[in-house]
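Keep the structure in view as you read.

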Amino acid sequence: MSTAAFPAAVLPTQQIGSEPTSGPSTEQLLELSMGPQHPSTHGVFRMNVVLDGERVVRLKPVFGYLHRNHEKIAESETYLGSMPYTDRLDYICPLTNNWAYALAVEKLAGIQVPERAEYLRVIVGELTRLQNHACLVGFLMQDMGCSGTPLMYAFRQREMVLDLFEALTGARMMCNYMRFGGCRVDLPAGWLDQTKKVLQQFPRFLDEFERLLIGNEILMGRTQGIGVLSKELAVSAGISGPMARASGVDYDIRKVDRYGIYDRFAFRVPLGSHGDVYDRLMIRVLEMRESLGILDQAMRDLPAGPIVDPKTKIRGFRPKPGEAYGRIEAPKGELGFYLISDGSPNPYRYRVRPPSLINLTVLEDLCLGHNVADIVIILGSVDIVLGEVDR
Amino acid sequence: MLGDGILKGLAETARNFFGSYVSRDRLTTIQYPEQRDPQIEAARSFPFLVFDGADWQQGLRCVSCQICEKECPPKCIFIEKSKDKKPDAVGKPQFYPVRFDIDISVCMSCQICVEVCPFDAIKMDVDYDLSTDDRFGGLLLDRQRLAKSNEHYNKIHPTEAAAVDAALAEERAKAKAAAEAKASAAAKAATEAKAAAVANPAPAPQPAAGESQ
Amino acid sequence: MDLEKIKSEVEANVPGCRLETVANPSPSVQHSLRLDPEHAVAVATFLRDAVGLRFDFCSNVTGIDWPPTEVSQKVKVRRLVEGVEQEVDEVQKTTTPGSIEVVYHLFSIELKHGPLVLRMSTQDRDAGVHLPSLTHVWRSAEFQEREIFDLFGVVFDGHPDLRRLLMWDEFVDHPMRRDYIEPDDFEYEPTAHDEVLRRAQQHQSETRPADEGGIR
């Protein structure tokens with residue numbers, strides 16, 4: 001590919017303080033503050049929208065309503081003490097947050113993970129992806145005004161996965177399951193059979209979902225051609241995860257970094273071609289099908305053995321000075337942890353690379369020119385969790 | 001056909017409406033306070049202190065090492081160490097907590113105190129229907145309210161508690177064996193000293209070294 | 001990718017730039033490249049566009065605070081001691097001004113390699129906290145540089161929309177700096193420790209009667 005294929009970064013079309021150039025005179029513009037308590041924002045998040053009639057001419061997101069300075073708290077915690085806090089970042093998928101943090105610390109301290117623990121991580125990680133995506137498609141339908149039923153269908157599936165998490169880790173959402181060099185507890189008796197039962201129902205849910213909604217003309221009318229994100233902008237703006245892949249960016253960290261044991265599984269990376277809301281919805285449905293395949297393989301090959309590296313101490317863990325950046329393909333995108341150790345029990349610097357926040361970089365570009373009702377579904381298709389956006 | 005999707009949606013609604021009266025796996029309602037779901041063994045709510053025997057003050061396993069206080073991520077544990085010692089779960093004289101408070105309005109049920117405890121003294125409870133109308137006193141649990149018997153622990157986490165009990169029994173047996181060995185050594189030393197005293201009465205008899213320890 | 005090779009390639013193509021490799025002793029072996037702020041935009045653009053490098057994806061941008069440190073050094077000085085000139089040991093204390101470092105983690109989506117770690121440092125922590133913004137090179141830096149401006153107080157020259165991201169606009173300090181002082185009006189905590197306990201007791205005696213339970 002030539003240099004010309006990647007233009008210089010596209011900047012926001014409207015700067016703060018500048019008057020919108022297009023449309024009628026500014027007297028007819030309506031300034032609307034959506035949020036922080038608006039139900040479509042999935043939390044406490046505000047968008048300052050300037051409207052020309054129903055059309056969006058400017059949109060500025062306002063963050064920080066859920067800011068608790070997670071990074072500062074972690075600087076005064078031990079390395080292990082930050083693990084339960086990571087659950088509270090993206091509280092829909094705590095286990096992948098645990099995994100990303102454990103991976104970063106393992107890189108920092110050079111810890112090896114036993115094989116069984118790697119398989120357990122893949123199993124719980126893919127289950128997390130399943131329930132996150134199920135949740136997302138339900139919420140997106142709700143945002144589109146398809147009130148109640150699809151969300152309940154999605155939550156029925158999610159509930160079964162959360163029951164599995166509770167049986168394994170003791171909590172439905174605040175799992176606190178991974179440890180440096182492995183996992184905290186081994187599978188309880190009968191857990192794998194229960195998981196197989198849940199997973200057997202999953203394709204039926206997806207089929208039903210597709211039959212009912214994906215071909216629905218109202219849904220297609222609402223989502224196709226709305227919030228189009230170009231491939232070039234997606235790469236430049238650091239968009240990751242399903243949102244980037246819906247725009248045709250072939251980048252899945254499970255395939256690129258091959259962290260853990262992902263090189264042992266056969267799975268495909270679904271790609272979109274239009275980058276609109278419909279593609280972002282379909283990518284999630286297709287990814288759920290691929291996750292089911294990975295889960296089947298992982299549960300078939302699950303070896304026996306220890307679940308945690310015996311050399312890693314649980315008390316008094318002090319990595320040698322240095323730094324490491326570890327990242328995984330979380331359901332929302334690239335979740336990275338950047339850690340600096342100065343040899344003390346607390347990290348000197350602890351940074352979370354939040355996919356939800358960075359995926360919102362292009363929110364204004366996606367919404368410009370669309371109607372107010374489309375902002376809601378565009379935001380819904382980005383898939384944010386405010387616990388992670390604001391940290 | 002236009003309107004096809006609406007008809008499909010209505011058919012699905014009708015199917016589910018009638019299904020909810022007959023399908024057995026969808027009749028999931030239970031009469032909550034009277035009926036309860038079986039408790040999951042791995043479940044956790046807030047920590048409690050394990051004691052052995054009948055008297056919670058005598059039997060507390062906690063030796064006031066304060067590791068959990070230091071490791072607790074939101075710093076919700078407050079311990080005051082005793083001045084004197086009492087025998088612990090294995091019979092060794094140890095300090096004990098004169099004050100052990102957990103503020104469950106701060107606790108986030110992360111289980112790290114349980115993991116770092118070297119004495120199996122703090123474990124996670126499974127109570128989930130907790131409530132109080134006292135914002136400060138009711139949420140600050142002191143050691144008396146935290147103390148729960150080993151039987152309770154065995155009831156809520158049977159597998160885990162069995163392993164802990166086995167390990168403790170082994171340690172107790174080891175301690176007992178060591179004490180017996182010490183006692184027999186002391187007895188032997190005493191008889192030797194006596195024999196020496198009989199053979200050679202003039203100097204003062206050597207005190208049995210084992211007894212004073 | 002070999003960092004030395006990237007370094008020499010950049011030096012050959014961006015005249016005048018001063019690069020420096022920073023070794024990372026941890027097992028992750030993610031060594032980094034320190035840029036000089038004057039040529040940062042040119043270097044970044046070259047890294048993004050050069051065939052064979054193509055770091056088109058700026059994943060993570062973050063700041064690190066390095067507060068001023070006092071370094072004690074023993075030096076020998078000649079001095080008159082009791083009328084005789086002698087060589088004496090003297091402890092000299094020098095204070096480094098401290099700086100705020102900004103770190104960029106780059107990946108290549110096209111060539112699937114990375115990470116390349118770039119670092120830049122400000123001159124000090126007060127007036128010289130200016131760095132060039134790389135938002136025009138990688139759009140993903142937009143919100144992250146705003147976050148660094150908010151939490152660390154680095155001013156990114158050339159940033160299109162430099163406002164606070166997480167704290168409110170009227171907030172004065174930068175919370176992620178290591179010398180940040182927390183406000184005193186914290187929530188009452190029954191299990192407070194040490195310093196917090198002392199302040200809580202003071203706070204409580206001022207605001208609540210003693211018989212309501214809590215700290216004894």
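Are R351(A) and E71(A) buried or exposed? Both R351(A) and E71(A) are buried. The model is predicted, and every value below is computed from it.

**A charged pair inside chain A**

R351(A) and E71(A) form a salt bridge, with 3.8 Å between the closest N and O atoms. The pair links distant parts of the chain. R351(A) sits in strand β8 (residues 349-353) of chain A, and E71(A) in helix α1 (residues 70-75) of chain A. They are 280 residues apart. A search over all chains of the whole structure finds 55 salt bridges.

**Where chain C meets chain A**

Start with the contacts. 53 residues of chain C touch 58 residues of chain A. Together the two chains bury about 4600 Å², and 56% of that area is on carbon and sulfur atoms. Three residues of chain C stand out: R139(C), F143(C) and L166(C). They supply 17% of the area that chain C buries against chain A, more than any other three residues.

Five salt bridges are counted between chain C and chain A. One side-chain pair that meets in a salt bridge is E147(C) and R391(A), at 2.7 Å from N to O.

Which elements give two or more residues to the side of chain C that touches chain A? They are α2 (40-49), β3 (57-66), β6 (99-107), β7 (116-121) and α3 (141-151) of chain C. β3(C) gives the most, with 10 residues. By class, this side of chain C has 24 nonpolar, 14 polar and 15 charged residues.

**Where chain A meets chain B**

28 residues of chain A are in contact with 29 residues of chain B. The two chains bury about 2000 Å² between them, 48% of it on carbon and sulfur atoms. L212(A), E217(A) and R315(A) supply 23% of the area that chain A buries against chain B, more than any other three residues.

Three salt bridges are counted between chain A and chain B. R184(A) and E115(B) form a salt bridge, their closest N and O atoms 3.9 Å apart. On the side of chain A that touches chain B, α2 (83-87), α5, α6 and α7 of chain A give two or more residues each. α5(A) gives the most, with five residues. This side of chain A divides into 12 nonpolar, seven polar and nine charged residues.

**Helix α6 of chain A**

Does its length fit its residue count, or what span should we expect? Helix α6 of chain A has 24 residues (191-214), so at 1.5 Å a residue it should span 34 Å. Its end C-alpha atoms are 33 Å apart, which agrees.

The buried residues of α6(A) include W191(A), F202(A), F205(A), E208(A) and L212(A). The buried residues of this helix pack against α4 (115-143), α5 (149-169), α7 (217-223) and α11 (277-301) of chain A, together with α1 (4-22) of chain B.

**A buried arginine in chain B**

Where is R61(B) found? It is in the loop between α2 (56-59) and α3 (67-71) of chain B. Its relative accessible area is 1%, so R61(B) counts as buried. A polar atom of its side chain lies 3.1 Å from the backbone oxygen of D120(B). Beyond its neighbours within four places in sequence, R61(B) has contacts that include V50(B), D52(B), F119(B), D120(B) and L168(B).

D120(B) also forms a salt bridge, with K123(B). D120(B) is partly exposed, at 23% relative accessible area, whereas K123(B) is buried at 5%.

**Salt bridges side by side**

| Pair | Closest N and O atoms |
|---|---|
| R351(A) and E71(A) | 3.8 Å |
| R184(A) and E115(B) | 3.9 Å |
| D120(B) and K123(B) | 3.1 Å |
| D65(C) and R125(C) | 2.8 Å |

Look at the pair in chain C. D65(C) lies in strand β3 of chain C and R125(C) in the loop between β7 and β8 (130-132), so the pair ties together parts that are 60 residues apart in sequence. D65(C) is buried at 2% relative accessibility, and R125(C) is buried at 7%.

Conventions:
Residues numbered from 1 in each chain as written. Chains lettered and ligands numbered in written order. Predicted model: local features only at pLDDT ≥ 70, side-chain atom pairs only at ≥ 80, totals over all residues. Heavy atoms only, no water. Contact = heavy atoms within 4.5 Å. Buried area = accessible area lost by both parts, 1.4 Å probe. Salt bridge = Lys/Arg side-chain N within 4 Å of Asp/Glu carboxyl O. Helix = DSSP H or I, 4+ residues; strand = E, 2+ residues; numbered from the N terminus. Nonpolar A, V, L, I, M, F, W, Y, C, P; charged D, E, K, R; others polar. Expected span 1.5 Å × (residues − 1). Buried < 20%, exposed > 50% of the residue type's maximum accessible area, 1.4 Å probe, protein only. Polar contact = N/O pair within 3.5 Å; in protein donor to acceptor, adjacent residues only side chain to side chain.
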